[in-house]
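Please open the model in your viewer and keep the selection panel handy. We will go from stop to stop, with a short note on what to select and what is there.

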Amino acid sequence: MKISRRSVLRYTGLTAAWLTLTGCAPTGNASLGGCLPDWMKKVLRVPSSDASSASSSAASSAASSEAAASSELAASSLPGVEQPEAADSALPAYDADPLTGEARSTDGRIVGVMVNNICNSERQNARPQRGIGSADLLIESKVEGGITRFCALYSNVNNIPEIGPIRSGRDQFLQLLMPWNALYYHDGESIFCTQFIHVYNYSGLNIGGKNYFNTPVHPHVAHRIKRNKNVAYEHTEFTSAKEIKQAAADAGIGLTYPYEGTFFRFADYRTDAVNDLADAPSARSILITHSASYKTSFAYNSWNRNYKMSMYSNRTKKFEAAVDELTGKQLTFANVVVCFANIAAYAGDSHDVQEVQYVEGGQAYLFTSGGVQTGRWEKGHPTHPIRLYTDAGEEMTLNRGKTYFALVDNDEWSNFSYQ
């Protein structure tokens with residue numbers, strides 16, 4: 001049980017953020033302390049101006065190849081992804097889709113698109129969203145004011161239909177994408193997100209960001225749809241594969257990448273392996289609470305071996321099927337992954353922008369084949385991929401297919417249930 005965690009994080013959030021961000025040396029005024037008062041610089045132990053100058057000099061020498069540097073950001077961390085071992089040496093080399101674990105059929109770069117999920121009233125409403133039913137991996141996490149947001153990930157830009165409403169970026173999603181050299185696509189971003197982008201030289205793969213700290217900006221391309229005369233303007237922006245490719249071309253970003261690992265560990269497609277979670281407790285219904293007004297539930301369909309997704313609507317005060325407006329079909333997933341973490345607002349005047357304490361790790365749950373497996377997740381550095389481990393210390397094995405992945409505040413653990 002946590003003791004006064006909110007109060008502690010209120011005063012230590014910036015320190016934690018600084019320690020995380022300086023895992024790699026900041027460049028120039030990328031240091032968070034570059035715009036802080038002297039007293040806070042001392043608290044955060046910001047490097048001296050001489051050190052900052054040295055870092056700035058090093059950054060200048062690499063500025064001409066920013067996009068290339070971004071593409072190489074996490075190359076050294078990806079080989080750590082364990083691949084399934086083949087029982088038969090005659091099997092072909094393992095070459096799986098990085099997001100689904102299926103046999104890889106494309107050399108596309110992963111694209112992550114930020115999608116709005118607000119549902120507070122008729123005016124403040126983003127549902128039903130478009131295009132998220134086609135995502136290979138759908139990530140949900142609290143962003144501010146108790147509201148959650150999605151990041152929809154696709155293995156190939158050509159598989160992205162019209163998608164949206166799109167919204168601004170947040171660092172808790174960026175940190176999951178960085179190890180994979182993924183294209184991060186959104187409209188605007190928090191200052192904390194820009195800080196990570198600047199420190200880790202990720203602006204070459206960031207489209208739709210802000211120029212805080214003089215960070216290079218690549219404009220996004222999108223269009224507006226007046227879905228309902230009562231829906232607020234900020235919930236009417238959409239994009240598509242064609243527009244994303246145009247924005248990437250304008251920025252000089254390549255949309256192919258030679259991945260050698262997978263986001264999660266998957267059952268081996270070469271042997272048609274399936275993880276039935278033998279002897280694991282049954283879990284055919286799941287309730288995930290992100291906040292009082294944002295809850296996501298799943299019901300297992302044994303016939304199709306997938307989980308049907310529903311979301312609580314603060315507008316109608318009831319759970320409703322989560323559907324893709326383009327198809328009218330309810331969202332389904334082969335796997336549901338829930339990771340609990342210390343989540344709280346960044347300290348100071350952050351407007352309640354939420355920070356996920358990745359360095360601490362936390363409790364993990366894998367739901368697949370109608371069962372549940374418990375364990376722990378780890379992500380020790382922003383450029384390291386997240387890892388899921390069983391209680392026995394082995395890496396969890398997901399079944400091939402689409403995955404819903406939730407980052408949930410530890411404070412909501414008592415409101416989490418399955419049966």
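Select Ser297 to begin: this residue sits in strand β9, residues 295-301. Ser297 has 16% relative accessibility, so it counts as buried. The classes are buried for under 20% relative accessible area, exposed for over 50%, and partly exposed in between, with a 1.4 Å probe and protein chains only. Now show what touches Ser297: beyond its neighbours within four places in sequence, the contacts are Ile286, Leu287, Lys308, Met309, Ser310 and Phe319. A contact is a pair of heavy atoms within 4.5 Å.

Before moving on, two notes on the model. It is predicted, so local features need pLDDT of at least 70 and side-chain atom pairs count only at pLDDT 80 or more, while totals for chains, interfaces and linings use all residues. Residues are numbered from 1 along each chain as its sequence is written, and side-chain values use heavy atoms, with hydrogens and water left out.

**The whole chain**

Zoom out to view the chain with its 7 helices and 20 strands. Of its 419 residues, 57% are buried. Among contacts with a separation of 6 or more, 67% are between residues 24 or more positions apart.

**Helix α7**

Next, select residues 241-251, which form helix α7. Colour Ala241, Glu243, Ile244, Ala247, Ala248 and Ala251, which are buried. Look down the axis of α7: these buried residues fall within an arc of 165 degrees, so they line one face of the helix. That arc is taken from the directions between the helix axis and the C-beta atoms. On the other side of α7, Lys242, Ala249 and Asp250 are exposed.

What do the buried residues of α7 pack against? Show β1 (111-115), β4 (183-185), β5 (206-207), β6 (223-224) and β7 (237-238) to see these partners. Then step to Gly252, which follows α7 and has a positive phi, near 70 degrees.

**Aromatic rings**

The structure holds 22 aromatic pairs. Rings of Phe, Tyr and Trp (its six-membered ring) pair if their centres lie within 6.5 Å; planes under 30 degrees apart are stacked, over 60 edge-to-face, and the rest tilted. Select Phe192 and Tyr346: their ring centres are 3.8 Å apart and their planes are at 5 degrees, so this pair is stacked. The pair links distant parts of the chain, with Phe192 in helix α6 (residues 191-199) and Tyr346 in the loop between β14 (343-345) and β15 (354-356), 154 residues apart. Both Phe192 and Tyr346 are buried.

For another geometry, pick Phe263 and Phe264, whose ring centres are 5.0 Å apart with planes at 70 degrees, so the pair is edge-to-face. Phe263 is buried at a relative accessible area of 2%, and Phe264 is buried at 3%.

Two rings have a charge over the face, meaning NZ of Lys or CZ of Arg within 6 Å of the ring centre and within 35 degrees of the ring normal. Arg130 lies over Phe238, at 5.4 Å from the ring centre. Lys295 lies over Tyr312, at 5.4 Å from the ring centre.

**Loop stops**

Go to Thr215, in the loop between β5 and β6. Is Thr215 buried or exposed? Its relative accessibility is 4%, so Thr215 counts as buried.

Finish with the backbone. The peptide bond from Arg127 to Pro128 is cis, with omega near -5 degrees, and Pro128 lies in the loop between β1 and β2 (137-144). Gly164 and Pro165 are also joined by a cis peptide bond, with omega about 5 degrees.

Terms used
Helix = DSSP H or I, 4+ residues; strand = E, 2+ residues; numbered from the N terminus.
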